[in-house]
Number of protein chains: 2
Amino acid sequence: MPPGEFEIIERFFRAPAEALRRERGDVLLGIGDDAALLQVPPGVQLVAALDTLVEGRHFPVGTSPDSLGHRALAVNLSDLAAMGAQPAWFLLSLTMPEVREDFLEGLARGMLRLAQEHRIALVGGDTTAGPLSVSVQVLGLVQSGTALQRNTARPGDLLFVSGTPGDAAAGLALEMGAAPGSETTAVQQQWLRQRFLYPVPRLALGAALRGLASACIDVSDGLAADAGKLAQASGCGVRIDGERLPVSAALQAQLGGAALCAALTGGDDYELCFTVAPARVDEVAARLANVKCQVACIGVLEEAAGVRVFDRGVPVGFDLRGYDHFSAAG
Amino acid sequence: MPPGEFEIIERFFRAPAEALRRERGDVLLGIGDDAALLQVPPGVQLVAALDTLVEGRHFPVGTSPDSLGHRALAVNLSDLAAMGAQPAWFLLSLTMPEVREDFLEGLARGMLRLAQEHRIALVGGDTTAGPLSVSVQVLGLVQSGTALQRNTARPGDLLFVSGTPGDAAAGLALEMGAAPGSETTAVQQQWLRQRFLYPVPRLALGAALRGLASACIDVSDGLAADAGKLAQASGCGVRIDGERLPVSAALQAQLGGAALCAALTGGDDYELCFTVAPARVDEVAARLANVKCQVACIGVLEEAAGVRVFDRGVPVGFDLRGYDHFSAAG
């Protein structure tokens, strides 16, 4: 007989989670009661995000459970990074068709490795039989009044992005069986896959941007779409200069002339897209000196609504809409 | 073309959610940014619960979306009730195979009706295409140091349960096509169904028990199993006197001699099961005078581990294990 739902949490998640809870000291009750009981320090505000990964939608059938565990937590941490918040605790709701020990070991390993890195405690959740999906809910803290928002940019603010967007989409394509480009080395292929399988939530960057960035959003549905959401929420539009986009050598090798399109529209990057007032642009380099993550200025917020992309001054015409789970083909 | 995922949240949930957020005044950012930003008042602790309902597991295929919306929130509120906490905010992760407006209208109506009743604000979430499931994450607050726990009962403490357990299981059976008992009136059948479709989270009861109950748990997997969990977490065992169980007239009519079994093992009750030290039992009636919910003393905590059930002094032998999603038949 397979282990039941209570033993699942117990066996694979409880011991490592318990160690992290002890280390934090602010988890009064964790896994094992009806709800978690958490101590919020004074002077902070609470930040909460909930994201679900569904098999066949957010990850291909057959994705390694280690990557799935990592991604399910990482995509939520990315939401907190976009707010400039520090993650503290998370809850896990796991739905899976059957109990497979190797799967659960891998999932717990990938998830708790990332949790350990950021000292976040797993404090509750549930497991159910059903089609494979993983819901994670992350709770974080931010010093009162300092959270980054997406709706606070102004026309004239400069637009930045971290990392090299588009890699994850190319990595997912490789995972799904796309042919490697003739120029793409094996190391580059592996690197692109890793960019999809193990996204790095930009928590240190988000924290460093508090008090400097005028607005921030994480790039999950494609850079152009998410920059557009930031602009729209702020009541303005945005111009992106394609030639300024930081395109990785691996993406360039893999996609050649299509690399720009992937960088603008590919999903799953989990980079940060943020704005800085012109008068404060000189502060960016100093502020980010200790953050291990490159950023590039790629455009500017404008009065007129909409997203306008240029490549060396020529308007770029392809579809810039972000990924939409219900409108997407397939 | 069906509406996309951003419009879904926008159209069906945002306006009513916005009204509740304004009313509360502690939601600094709700739906529409990367994460919710929430103001936690001083002197409280945070309580967090996450539960997922999966079609075919937690509710039958064809369940009304209004009931599904209610239940997805209610089961989480029940977890907070068991802690004696006051719910404040919730997040929703909705996975569904296709966008159907009537379905979403019903789901939002059922969920937001209950949210309005308890003045809880929807502050975030996501929607995805996939097999139907609803994850809700509730955040609540409790005055520091007063939360109820399940692991703090002592041998000799008296065991109580609220409401009339077993009704929901009988109601689910009717929903699944079971034949009504020959004694069961149409009104009783409808009442039993409602007990499954619209469970009432015992928030006022939980709040009233703070400082009085020595331990508390909510009854979701069956009374005997959940009383057993409370006892085990507290390092003791429990004796339940079956003849003291409050069995509803409807359940009695529907199941006759099997009503006791349903009351002990039926799931989905979302009643509270709690313990009170013998010296304080006299306080129960006064404390609960303003709570619209009957409670009954049904047993006692004992030194010896395990769950022992008697019916007028005779040991009851049937399987007392609670519902387990992976071990359950089917």
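**Questions on a predicted model**

Colleague: In which loop of chain A is A:Arg119 found?
Modeller: This is a predicted model. The place of A:Arg119 is in the loop of chain A between H3 and strand E5 (121-129).

Colleague: Is A:Arg119 buried, partly exposed or exposed?
Modeller: A residue is buried under 20% relative accessible area and exposed over 50%, with partly exposed in between. The relative accessible area of A:Arg119 is 37%, so this residue is partly exposed.

Colleague: What is the phi of A:Arg119?
Modeller: The residue is not a glycine, yet its phi has a positive value. For A:Arg119, phi is near 55°.

Colleague: Is A:Glu117 buried or exposed?
Modeller: A:Glu117 lies in helix H3 (residues 101-117) of chain A. The C-alpha atoms of A:Glu117 and A:Asn151, 34 residues apart along the chain, are separated by 30 Å. The relative accessibility of A:Glu117 is 57%, and the limit for this class is over 50%, so A:Glu117 counts as exposed.

Colleague: How are the axes of H4(A) and H5(A) oriented to each other?
Modeller: Two packed helices are described by the angle between their axes and the distance between the axes. In chain A, the axes of helix H4 (residues 167-175) and helix H5 (residues 186-197) come within 7 Å and cross at roughly 105°. Angles of 65 to 115 degrees count as roughly perpendicular. H4(A) and H5(A) are therefore roughly perpendicular.

Colleague: How many nonpolar, polar and charged residues are in the contact of H4(A) with H5(A)?
Modeller: H4(A) contributes residues including A:Leu172 and A:Leu174, which belong to the group that meets residues of H5(A), among them A:Trp191 and A:Phe196. By class, the contact of H4(A) with H5(A) has eight nonpolar, two polar and four charged residues.

Colleague: Why is chain A as compact as a globular protein of that length?
Modeller: Chain A has ten helices and 13 strands. Its radius of gyration is close to the value that the globule rule gives for 330 residues, so chain A is as compact as a globular protein of that length; both values are 20 Å.

Colleague: What percentage of the residues of chain A count as buried?
Modeller: The C-alpha trace of chain A spans about 65 × 50 × 35 Å along its principal axes. Among contacts between residues at least 6 apart in sequence, 86% join residues at least 24 apart. Of the 330 residues of chain A, the part that counts as buried is 60%.

Colleague: Is B:Asp157 buried or exposed?
Modeller: B:Asp157 is in the loop between strand E6 (133-143) and strand E7 (158-162) of chain B. Residues that B:Asp157 touches include B:Ser214, B:Thr275 and B:Leu301. With a relative accessibility of 5%, under the limit of 20%, B:Asp157 counts as buried.

Colleague: Is B:Arg312 buried or exposed?
Modeller: B:Arg312 is found in the loop between strand E12 (306-311) and strand E13 (314-315) of chain B. Although B:Arg312 is not a glycine, its phi is positive, at about 50°. Its relative accessibility is 66%, so B:Arg312 counts as exposed.

Definitions and conventions
Residues numbered from 1 in each chain as written. Chains lettered and ligands numbered in written order. Predicted model: local features only at pLDDT ≥ 70, side-chain atom pairs only at ≥ 80, totals over all residues. Heavy atoms only, no water. Helix = DSSP H or I, 4+ residues; strand = E, 2+ residues; numbered from the N terminus. Rg over C-alpha atoms; globule rule 2.2 N^0.38 Å. Buried < 20%, exposed > 50% of the residue type's maximum accessible area, 1.4 Å probe, protein only. Contact = heavy atoms within 4.5 Å. Axes fitted to C-alpha atoms, helices over the stretch in contact; angles between N-to-C directions. Parallel < 35°, antiparallel > 145°, perpendicular 65-115°, else oblique. Nonpolar A, V, L, I, M, F, W, Y, C, P; charged D, E, K, R; others polar. Lists of a residue's contacts leave out its neighbours within four places in sequence.
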